[in-house]
Amino acid sequence: MIEKRVRLLASIAMFAAVYAAGVVALAPISFHIYQVRVADALLALSTIMGLPVILGTTLGCIIANVYCGYGIIDVVGGSLANLLAASIGFIIAKRKFRGSLLIALLAETLIISGIVGSYLAILFDVPIEIGFLGILIGSIIAINMLGYCLVKVLEGRMDALLKYVGEC
């Protein structure tokens, strides 16, 4: 029981660290009204790994947005967007119907684009459509393209991954 909790906490911390480091290292393209947050590719892993990714990317977003973000609205809004997107992506993908992965990733992209695009439009005083499209394009690249590839590469190696991470 304790070992399972330790593995869960270690996995959450690992995903948080990788997410935050990815955002900070790529800060010039991770912030502003037009962005490609490459670390958002990790959100796609919630579809196969669940809770460690959901909580890790949420915590990682808090850390990254405190470090480089646009204040409390970015810290709260971005992390809630990650929490909601990864959770809904996990729920959809868990149903395992034909196309569930693609629909889960599309849902994640739309949630991130809607939430982040809305508050960035307000912060930068641009039309909401510009905010939404600016985030949508980057999210399609990060989540739907890079994230999809990441899931497909790791999907076949889940047995080995779960030995290390444990089924959380």
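A word on helices before I start: here they are DSSP runs of H or I, at least four residues long, numbered from the N terminus. By that rule, Ser100 sits in helix α6. And keep in mind that this is a predicted model.

Let's stay with Ser100 for a moment. Buried or exposed? Buried, with a relative accessible area of 8%. Setting aside residues up to four places away in sequence, Ser100 touches Ile92 and Ala93.

Ile92 takes us into helix α5. Its relative accessibility is 18%. The cut-off for buried is under 20%, so Ile92 counts as buried. Which residues does Ile92 contact, beyond its neighbours within four places in sequence? Phe97, Ser100, Ile103, Ala104 and Ala107. One distance for orientation: Ile92 and Ile140 lie 48 residues apart in sequence, and their C-alpha atoms are 18 Å apart in space.

Now the helix pair itself. As a reminder, two packed helices are described by the angle between their axes and the distance between the axes. For α5 and α6, the angle is about 165 degrees and the axes are 8 Å apart. The cut-off for roughly antiparallel is over 145 degrees, so α5 is roughly antiparallel to α6. The crossing of α5 past α6 is right-handed. What is in that contact, by class? We have 17 nonpolar, 5 polar and 2 charged residues.

Which residues make the contact? From α4, we have Ile54, Leu55, Thr57, Thr58, Cys61, Ile62, Asn65 and Val66. From α5, we have Asp74, Val75, Gly78, Ser79, Asn82, Leu83, Ala86, Ser87 and Phe90. By class, that contact of α4 with α5 splits into 9 nonpolar, 7 polar and 1 charged.

Pick Asn65 out of that list. Asn65 lies in helix α4. Asn65 is buried, at a relative accessible area of 2%. What does Asn65 touch, leaving out residues up to four places away in sequence? Phe31, Arg37, Tyr70, Asp74, Val75 and Gly78. For scale, Asn65 and Ala17 are 48 residues apart along the chain, with 13 Å between their C-alpha atoms.

The crossing is right-handed. How does the contact of α1 with α4 divide by class? It has 18 nonpolar residues, 4 polar and no charged ones.

On to the core. In soluble globular proteins, nonpolar side chains tend to be buried together. In this model, the largest nonpolar core has 30 residues. Which of them have the most contacts inside it? Tyr19, Val23, Leu45, Ile112, Val116 and Leu120. At least two core residues each come from α1 (2-25), α4 (51-68), α5 (72-94), α6 (100-123) and α7 (128-155). The largest share is that of α6, with 7 residues.

Look at Val23, one of those with the most contacts inside the core. Not counting residues up to four places away in sequence, Val23 touches Ser30, Phe31, Arg37, Ala39 and Ala64. Phe31 and Arg37 are on the contact list of Asn65 as well.

Last stop, helix α7, where we find Ala142. Ala142 is buried, with a relative accessible area of 0%. What is Ala142 in contact with, apart from neighbours within four places in sequence? Arg37, Val38, Asp40, Ala41 and Gly147. Finally, Ala142 and Ile48 are 94 residues apart in sequence, with a C-alpha to C-alpha distance of 17 Å.

That's the tour. Questions, please.

Notes. Residues are numbered from 1 along each chain as its sequence is written. This is a predicted model: local features need pLDDT of at least 70, side-chain atom pairs count only at pLDDT 80 or more; totals for chains, interfaces and linings use all residues. Side-chain values use heavy atoms; hydrogens and water are left out. A nonpolar core is a set of buried Ala, Val, Leu, Ile, Met, Phe, Trp, Tyr and Cys residues joined through side-chain atoms within 4.5 Å. Buried means under 20% relative accessible area, exposed over 50%, partly exposed in between (1.4 Å probe, protein chains only). Contact means heavy atoms within 4.5 Å. Ala, Val, Leu, Ile, Met, Phe, Trp, Tyr, Cys and Pro count as nonpolar, Asp, Glu, Lys and Arg as charged, and the others, Gly among them, as polar. Axes are lines fitted to C-alpha atoms, for helices over the stretch in contact, and angles run from 0 to 180 degrees between N-to-C directions. Angles under 35 degrees count as roughly parallel, over 145 as roughly antiparallel, 65 to 115 as roughly perpendicular and the rest as oblique. A crossing is left-handed if the near helix is turned anticlockwise from the far one by less than a right angle, and right-handed if clockwise.
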